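Subject: The structure you asked to look at

Hi there,

Please have a look first, and then read my notes below it.

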Amino acid sequence: MRIGFNARLGVAGWGIAFAVPALVYIMLFQLYPILFSFYISLHDYDLLSDPVFVGFKHFANLASDRAFLASARITIFYVAYTIGPVLLLSFAIAWALTRVQLSRPYWQTLLFIPSVLPIVSVALVWKLMFNFPGPINATLRGLGFDPLPWLTYGAYAPWALVIMSWWHATSYYMIIFLAGFLSIPKDYYEAAAIDGASGLQVLRFVTLPAMRPTIALVLVLSTVNGLKTFAFQQIVTDGGPASATQIMTLLIYKTSFSYLDMGRASTYSVVLFIGIFAISLLQIWLMRDRHD
Amino acid sequence: MLKIRSAICSGVLSAAALIAAASTAFAVELTFWHHTYPPARTFIEKKAAEFTAQHPDITIRLHDDPHGDYEVKLLSAIAAGNAPDIVNVLDYLFPQYGKRGILAEVDLSAFGVKSAAALEALYQPKALSGLTIDGKILGVPEEFNTLALFINKAHFKEIGLDATDPATWPKSWNDLFSLASKLQKPDNSRVGFNWVWNLDPYWYAQQYWPILTQYGCEVVDASGKAAINSDACVKAFSETWKVLIDKKLGGPELATVNPVNALQDFSEGRQSMAIAGIWAPPLYSDAVKAEYVVAPLPQFDPANPKTLLNSYALAVTAGSKHKKEAFQFLSFLTTDSDGYLATTGYVTGRTGWADTKVAKETRGSAIFAEGQKHGSFVWRSPTWSEEGTAIKNAIEQFAQGVPVKQALDQAAADINSIRQR
């Protein structure tokens with residue numbers, strides 16, 4: 001009895017001991033900055049002087065803040081046009097990989113490479129590729145089309161960034177989908193085959209329902225990552241031309257460190273945080289399993 | 001006897017320990033942050049070693065970061081209360097830094113003078129004006145620049161012109177565009193002239209500021225209201241920046257964008273003429289280094305020339321505990337104008353810099369010295385970065401076909417909104 005009692009105490013003690021460092025880390029580096037952002041959003045603060053309380057002034061100004069509204073529109077455009085193709089492509093490639101019997105690990109590794117490459121290098125390579133005299137325009141010329149000013153015209157630059165993101169993000173979500181596919185019991189497919197289900201019926205009634213939690217996860221992750229994206233826009237276009245690719249995170253960065261307006265930047269951050277939180281909850285709710 | 005020896009030994013050791021402790025207590029290490037430019041690092045380190053040889057109790061620790069990252073890191077350090085002693089700051093940031101009390105007023109005694117006027121006399125006229133806020137001189141130039149036109153004489157030769165003959169130099173913007181049209185290759189593998197595109201707002205400002213002043217355009221009027229959409233400004237941009245785009249002589253799609261070398265196309269022989277400073281040649285390829293000629297900046301009215309002044313300055317932070325020593329080092333460092341020019345290509349703006357042997361051996365120095373006389377600093381504002389971005393956006397808008405007036409109206413609205421905020 002005594003040994004059991006001590007063991008129970010020991011388990012709890014060790015549990016707390018192991019959890020404390022992680023909790024301290026989360027409090028210091030995640031919770032505190034979030035709360036501090038809320039606090040600063042209610043102040044005028046230039047990093048160098050003491051914060052001055054201004055209430056909800058920055059929030060009230062948002063409706064007439066042209067930079068914020070443009071940035072919100074650009075961010076929504078970017079996320080909307082990135083998620084759909086990335087989901088479809090990663091789903092299709094992962095499904096195709098489940099059909100590959102020969103050397104599947106090698107194909108997986110090859111297709112996963114874009115995700116493990118440093119994003120700065122990837123962005124610089126894409127920048128060179130989209131340059132006016134670059135290989136993409138050379139290909140267009142070779143096919144008889146006019147070259148396009150991909151990175152210097154507001155009509156094309158957002159699309160160039162969307163295309164880069166398709167390439168970069170697909171491989172990451174493909175691996176998640178692949179894990180989802182491989183976790184579906186083979187019995188389901190064998191039963192469907194015995195019942196004479198067509199390929200489309202198998203997809204509709206077996207694969208998609210079984211993949212619902214994975215699809216929900218990828219949808220939430222890709223939306224959150226899309227809303228938080230920064231590196232491509234900063235490195236490839238720095239938000240230009242004429243702010244046509246200035247997504248919310250880049251606007252927050254510039255407002256903070258170039259314009260020294262931490263109050264306004266924190267307000268943008270709070271709005272982005274609330275947006276991400278709400279969209280994630282909505283997606284999880286929409287994708288929930290209604291049979292539970 | 002043994003006791004006496006022991007006592008002497010202990011005494012000597014104690015004295016040595018005391019001296020060591022005292023010298024440690026009085027030793028000063030100055031932290032010096034600079035934007036990354038390898039020749040400058042070499043030069044500053046050499047001068048720091050010389051300074052320490054003269055003042056063994058003062059050492060200098062130099063740290064550099066690329067321009068852009070540098071400014072962000074510096075602000076973070078200042079905000080965190082870890083400001084370095086000496087900083088390298090672009091002139092347009094002085095109102096922003098000055099307003100917030102980040103920089104210390106220059107210690108005149110370190111420069112061996114007793115009044116601000118005497119300090120100003122050590123420099124070219126106007127050299128300190130861009131670094132003076134509310135009557136206080138907050139820094140000294142490390143670079144005191146103006147811009148001129150660089151010409152590739154081999155390209156000129158191909159169209160039958162001798163670029164070493166001043167008669168062939170473009171005097172007006174129309175002359176420049178006319179020459180650019182002749183120098184351009186049909187497949188655009190070479191352009192005659194182009195602006196620097198898609199870099200930070202200050203890069204744009206360096207190029208349009210002389211043009212705006214030549215046309216009598218003001219970014220903001222005397223009352224502080226935006227005037228960038230005035231008739232003079234619309235005319236200035238329409239007759240210069242826009243012409244180049246409309247005639248398909250240049251534009252963003254014909255420019256290689258490289259934040260590390262904004263002049264890459266000229267540097268590699270793909271552009272025949274470029275606007276740049278005396279600091280630019282170290283960036284050029286060997287082939288272009290052998291071929292460049294420096295000409296004065298084209299003018300709207302050649303009889304009444306107007307150019308840009310800019311300064312990457314050195315200052316001491318208000319929070320430094322070693323201001324006296326820091327200013328002593330700055331005085332020591334910037335006095336060596338010839339060393340700076342020979343090693344880094346920087347003009348310190350000291351009086352008579354252009355009259356030395358080193359300056360006379362530097363190509364174009366006389367043209368830069370003349371240009372300094374007709375220059376002015378970009379407009380002063382604590383919200384310059386945001387206002388500069390508004391004008392950059394306007395330029396990128398009309399480069400895409402938006403009418404110049406419409407783009408500048410938007411910039412003016414943005415500037416007014418920034419100032420009201």
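How far apart do the C-alpha centres of domain 1 of chain B and domain 2 of chain B lie? They lie 28 Å apart. Domain 1 of chain B covers 28–145 + 310–376, and domain 2 covers 148–308 + 383–420; such bounds come from an automatic or database domain assignment.

Before going on, a word on how to read this. This is a predicted model, in which local features need pLDDT of at least 70 and side-chain atom pairs count only at pLDDT 80 or more, while totals for chains, interfaces and linings use all residues. Residues are numbered from 1 along each chain as its sequence is written, and chains are lettered from A and ligands numbered from 1 in the order in which they are written.

**Where the two domains of chain B meet**

In chain B, 21 residues of domain 1 are in contact with 19 residues of domain 2. Two residues are in contact if their C-beta atoms, placed from the backbone, lie within 7 Å. On the domain 1 side, α4 (94–99), β6 (140–145), α16 (365–373) and β13 (375–376) of chain B supply at least two residues each. Helices (H or I, at least four residues) and strands (E, at least two) are DSSP runs, numbered from the N terminus. The biggest share of that side comes from α16(B), with four residues. By type, the side of domain 1 of chain B that touches domain 2 has eight nonpolar, 11 polar and two charged residues. Here Ala, Val, Leu, Ile, Met, Phe, Trp, Tyr, Cys and Pro count as nonpolar, Asp, Glu, Lys and Arg as charged, and the others, Gly among them, as polar.

**The nonpolar cores**

In soluble globular proteins, nonpolar side chains tend to be buried together. A residue is buried if 20 or more other C-beta atoms lie within 10 Å of its own, exposed if 12 or fewer, and partly exposed in between, with C-beta atoms placed from the backbone. A nonpolar core is a set of buried Ala, Val, Leu, Ile, Met, Phe, Trp, Tyr and Cys residues joined through C-beta atoms within 7 Å.

The largest nonpolar core holds 127 residues, and F150(B), I228(B), L330(B), L408(B) and A411(B) touch the most other members. Helix α18 (residues 404–420) of chain B gives the most to this core, seven residues. Both domains take part: domain 1 and domain 2 of chain B each provide at least three residues.

Apart from neighbours within four places in sequence, its contacts are V219(B), C233(B), I391(B), L408(B), A411(B), A412(B) and I415(B). There is also a second, separate core of 31 residues, and I74(A), A123(A), I252(A) and Y268(A) are among its members.

C233(B) belongs to helix α9 (residues 231–239) of chain B, where C233(B), V234(B), A236(B) and F237(B) are buried. Seen down the axis of α9(B), the buried residues fall within an arc of 160° (taken over the directions from the helix axis to the C-beta atoms), so they line one face of the helix. Those residues pack against α8 (201–214), α10 (241–246), α17 (384–398) and α18 of chain B.

**The two chains**

Chain B has 18 helices and 13 strands, whereas chain A has 12 helices and two strands. Of the 421 residues in chain B, 49% are buried; of the 292 residues in chain A, 28% are. Along its principal axes, the C-alpha trace spans about 100 × 50 × 35 Å in chain B and about 85 × 70 × 35 Å in chain A.

Where the chains touch, 16 residues of chain A and 17 residues of chain B take part. The chain A side divides into nine nonpolar, six polar and one charged.

Is helix α8 (residues 186–194) of chain A largely in the open or buried? None of its nine residues is buried, so α8(A) lies largely in the open. After α8(A) comes G196(A), with a positive phi near 80°.

The other place is V52(A), in strand β2 (residues 52–53) of chain A. V52(A) counts as exposed because it has 10 C-beta neighbours inside 10 Å. Leaving aside neighbours within four places in sequence, V52(A) is in contact with H43(A) and D44(A). The C-alpha atoms of V52(A) and G263(A) are 9.3 Å apart, although 211 residues separate them along the chain.

Enjoy exploring!
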